[in-house]
Amino acid sequence: MDTILLLSLVTLFLPLAGFILLVFFGKRMPRQGDWLGTSLVTAGFLISLYILVAVLGATDAPRSASWTWARFGGLPGLGEVTIQLGIMLDNLSAIMLVVVMLISMLVHFFSIGYLEGDVRYTRYFAYLGFFTFSMIGIVLTHNLLMMYMFWELVGLSSYLLIGHWYEKKSASNAAMKAFIVNRVGDAGMFIGIMIIFIHFSTFSFDAIFGAVASGDLPFESRGWLTAAGILIFCGAVGKSAQFPLHVWLPDAMEGPTPVSALIHAATMVAAGVFLVARMFPLFTADALLVIAYVGAFTALLAATIAITQYDIKKVLAWSTISQLGYMIMALGVGAWAAGFMHLVTHAAFKAGLFLGSGAVIYAMHAALHQQHDHHTDAQDIRNMGGLRSRMPLTYGTFLVFTLAISGIPLTSGFLSKDEILAGTLAFSTLNGHYLLPLIAFIVAGMTAFYMFRLLILTFHGEPADGKRLSLIREVPAVMAGPLLVLAALSVFVFYSFNPLGASSGWLYQALERPASVVPEAIAPAAWPIFYRAVSDVHTLVMILSIVIAVSGIAFAWVVYERKTLSADRMAVFMGRLYDGSRNKWYFDELYQAVFVNGTLLMTRLMNRFDNRVIDGIVNGSAGLIRGVSRVSGWIDHTFIDGLVNAMANVTGAIGMRMRRIQTGNIQNYLVFAVFGFLVLLFLLLLV
Amino acid sequence: MVLPDWLAEPGLNHFLVVGALLFSLGLLAVMTRRNLIMVLMGIELILNAANLNLVAFSRYGALALDGHLFALFVIIIAAAEAAVALAIALAIYNRFGTVDVEQLSDLRE
Amino acid sequence: MDLFAIVFYLFAILIVSTAAIMVFSKNIVYSAFALMFTLAGLAVFYALLFAGFVAVTQLLVYVGGILVLILFGVMLTTRGYFERVRIRTVYMLPSALFAGIIAVLLIAVFVTTDWTLAPLSEGDVTLAALGELLLTDFMLPFQVAGVLLLLAIIGAVLMAARKRGPLEKKGTVPDADKII
C-alpha cells in the first residue's frame, strides 16, 4: 500500500478520531472542543489536497488496497465466498474527497459562529466529524458492501444532525422522515447489490465490472442487469432526494443551517450522484434512460415548487433537489463529466447559498431577539427585505452564488450547466428524446427566476420592518470567511481558464467517462460518438442557456424589483397551479394518505387479527396449559411436597427428641463420657 | 501380730492403689460438684493421682528418673492450668454472676 | 512392720480420707483445706519414694501456690456467708457408681499386672542427675514449659482483668438468665 493510500486512510480516520474524542471528552475541553474537530478536518482537507495533486499527476492505474474481512468458505449456491474490504483512489474519488473535506472544513468554521452557545455544541461538532468520516468512507470505498455500510452511516449522521434540536417536534419528525424515506431507497439499493453479489460472489467494483465486461451477466440475462442497475439507482433516489423520494429533503431543513449546507446541499445528497457516477459502467442504456427521466422530472418538479416557497431555506432545499435532478439527468444521458462537474461546482455555490442564508437567519435571529419578538419567523423571506445595506458582505457573496446557480458566464455554474444542457441536447439528437433538453432549458430558466426572486426579496426592496432592519448586523468573521472562500470558488477560473467552455479545464480533463462494460447492444452511446454530438450543439446551447438565464433573471427583476407585474395577480391567474406548487404538489399529503395511513390501516387490521386470532390461540393454549399445570400442581402439592414434608417432619421429630440429650452441661457430658469409657474398657477386657 | 507380707511391706501396688483411689475420688468430684472451683480441685486430685503413679513407677518400675521429671512437668502444667482455670472462673463469675456449672449451659440452645 | 510401712499406711489413710472429705464436703472452704492435707500427704509419699525434689516442688507449688490460688478463687467467687457457699451435688448416684467401678477396675488391673521391676536405690536420685536430664533429654519440654508458664500468666491476667463484668459495673448481682 503506497503513501497516498495511507494518507487517504488518515483523512478517513481523522474525523472519526475527532468524533470519538469529542463524544467522550469534548465537554471537558476548552471551548467545548470545537477547535479539535475543526483542526482535524482542516488537517484532513490539506492532506486531501495533496492526495488530489498526487492522483491527478499520476498516470498509472487507480490505486487500491484491500484486505479480507470475512471468509465464509463454501456456501451452498454461492461457492467460495470471501468478503474483501478496501479503498480505492482514482480521479473521481480524489476530487470528491477534496470537495467533501473543503465543504466540511468551511462548515466547521461557520458553525463556530452560527452555533455559539448551543445546548449541544460539543455533540454537534462530534456529529459533524462522524458525518465527514462516513462520507469519506463512501468516497474511498472500492466495493459495494462498504459503500452500503457508509451509506447507512451518512444516513444515521444525517438523522442525528437534522434532529439536533430534537426538542422541536418538527425537527425530530423531520429526522425520522429523512431516515425512513431514505430506507425505502436503501432497500432497493440493497436488493440491487444482492442481485449482483449472488451472481458474482464479490462486492468489488473492479471485479464486477471485469466480470460483466467479459460477458458474464447476472443470471445470464440483460434484463437482470438493467434491473440491478435501476435498483442500485434507488439508493441514489433516496439519498439524492429524487422523485418520488424527494419529500424528506425540504423537511430536513429543520436541522441547523450549516448542516443543511454540508449534508443536504453539498455532500451527502451528492452521494447519490457519486454512486451513479461510480456504478456508471454497469448501467445499461435502459437503466440510464430511466435515470435521466427521473432526474429530469425531479428537476422540473422541484423547480416549480421552489418558485412559490417563502421560507429561505425551503427555496434553497427545492433548488438543491432540482439541481440534483440536473446532475442525475446529466449522468443518465451520458454526460458523465458534466454531471459530476456540476456536483463539484454546485457543492461550492450551494453550500455558499446555505451558509449565506444561515448568515441571514443568524442576523435575523439576533435582531428579533433584541426586539423580544419570538413569533416572527426568522426564515421567512417576507419578513426580510432590504438586508443589502446592513449585510453587504453576505449580500455580495450571495449574489455571486445566485449568479453561479443561474448559469451566468464567468461563474462556475455556467461551465457545468452549459455542459449538462449540451449533453442532454446531444443525447436527444442521438436518441430522439427531445423532452429531456426541453425540461433542462425550462428548469434553467426557472432556476434563474426563483433564485433571483429569493435574492431580491431578501436583500432588495423595502424592509418588512424598518426598526428590525436597523438591528441587523453583519455576521462575525468566522462566518464571513467561509462565505468569501466559497464565493471565490464559484468563479470559473478554478475549474477552467476558458470562461465559456469547461472542456479545456483540468477538472473536465480529469473526469474521463469510464467505459461502459455492458454488452454493446444495450450500452449507452459510446463516448466518441456522444462527444461529437456534444461538440456539434455546444455553441447553440451556450447562447440559448445565456439567453434563458438572463431572461429568467430579467423576469424576476421585473416582477419583484420593479413590481411591474404583480406576483399576487400572477398567482391568482395561475390558480390551481399556484396552489399545487405552493403545497409541493401535495406529495406529503399523498404519502400521508397512501403510505402512512395505509400502514396504519394495515396495522389496525393486523392488530385486529392479533386480538381475535392470535390472542385466541394464545389464550386457548394458555388455558390448556393452566389446566395441565393445575393438575401437576396438585400432584406436586400432595405427593412431592407430602414426601418432602414427611421427611422434614420425621427429621424434626428425631431432632426434637435428640436435642434433650444435649443439655449444655459439661458434667452431664462428662458422666456420659465416663460411661462410654467404661463400656469400652469392658469390651477391651472381655473380648 | 504377724501381718502377711503384702500388707507388711508396702510396695508398688500399694502406692498404685492409693493413686487409683485418689483418681476415682477426683473423678467423682469433677462429675458431681456444681461449683467450678470444686471441679478444679477434683482435676488437681486426678493430676496428683497420676503424679503418685509416675513417681511410684519411677521408684519401683523400669522408669528410672523419667517419672520424676514427668511429675515435675505435670506440676508445672497444673500450676499453669490452675492459674488459667481460675482466671476463667473469675471471668465467668463476672459475666454470669455465678460459678454454678449447672447454670452455665449456654451451649444448650 | 518397719517405719516405712507405718508411715505409708498412716499417710495413705490421711490422703484418702482427706480426699474423701474434699469430695464430699458441703462447704467449699472445708474442701479446700482438705485438699491441702491431701497434697501435703502426697509430698510425704514422694519423699518415701526417693523423690525428694518432687516432694519439695509439690509443697512449694501445690500447697504454697495452687492451693492459695484456689482459696482466693473461692473467696472471690463466693459472696456473703459461708452458708451460701454450700453447694449441691448432681448425678451423685451414677457418678459414684462409675467412680467406684473405675476404682475397682484400676485396682484390679494394678494388682493383677506383673510389673517389670527395676527398683532405684536412694543414691541414684540426685539433683545433679535430675538437672542433667532436664538440660539434655528433656530440654525441649523444659523450654516449652517455661513458655507455657509465661503464656499462662499473661493469659490469666488478661482474662481476669480484661473487662468489667456486670457485677462490678452495677454492684448488684443480676439474674444469670436475664443476662443471657
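How many residues lie between S1(A) and S2(A) in the hairpin that they form? The legends below concern a predicted model and begin with this hairpin.

**View 1. The hairpin of S1(A) and S2(A).** Three residues separate the two strands. In the turn, A:Gly77 has a positive phi of about 85 degrees.

**View 2. Antiparallel pairing of strand S1 and strand S2 of chain A.** Strand S1 covers residues 63-75 and strand S2 covers residues 79-89. Eleven bridges link the two strands in the antiparallel sense. One of the residues involved is A:Gly74, whose bridge partner in S2(A) is A:Glu80.

**View 3. Chain A, with 25 helices and two strands.** The chain comprises 687 residues, 49% of which count as buried. Of the contacts in chain A between residues at least 6 apart in sequence, 80% join residues that are at least 24 apart.

**View 4. The contact between chain B and chain C.** On one side of this contact are 71 residues of chain B, and on the other are 84 residues of chain C. Helix H2 (12-32), helix H3 (36-60) and helix H4 (66-96) of chain B are the elements that give two or more residues to the side of chain B that touches chain C. H4(B) supplies the largest share of that side, with 24 residues.

**View 5. Residue classes on the side of chain B that touches chain C.** This side has 50 nonpolar residues, together with 13 polar and eight charged residues.

Notes: Residues numbered from 1 in each chain as written. Chains lettered and ligands numbered in written order. Predicted model: local features only at pLDDT ≥ 70, side-chain atom pairs only at ≥ 80, totals over all residues. Helix = DSSP H or I, 4+ residues; strand = E, 2+ residues; numbered from the N terminus. Buried ≥ 20, exposed ≤ 12 C-beta atoms within 10 Å, placed from the backbone. Contact = placed C-beta atoms within 7 Å. Nonpolar A, V, L, I, M, F, W, Y, C, P; charged D, E, K, R; others polar. Pairing = 2+ DSSP bridges.
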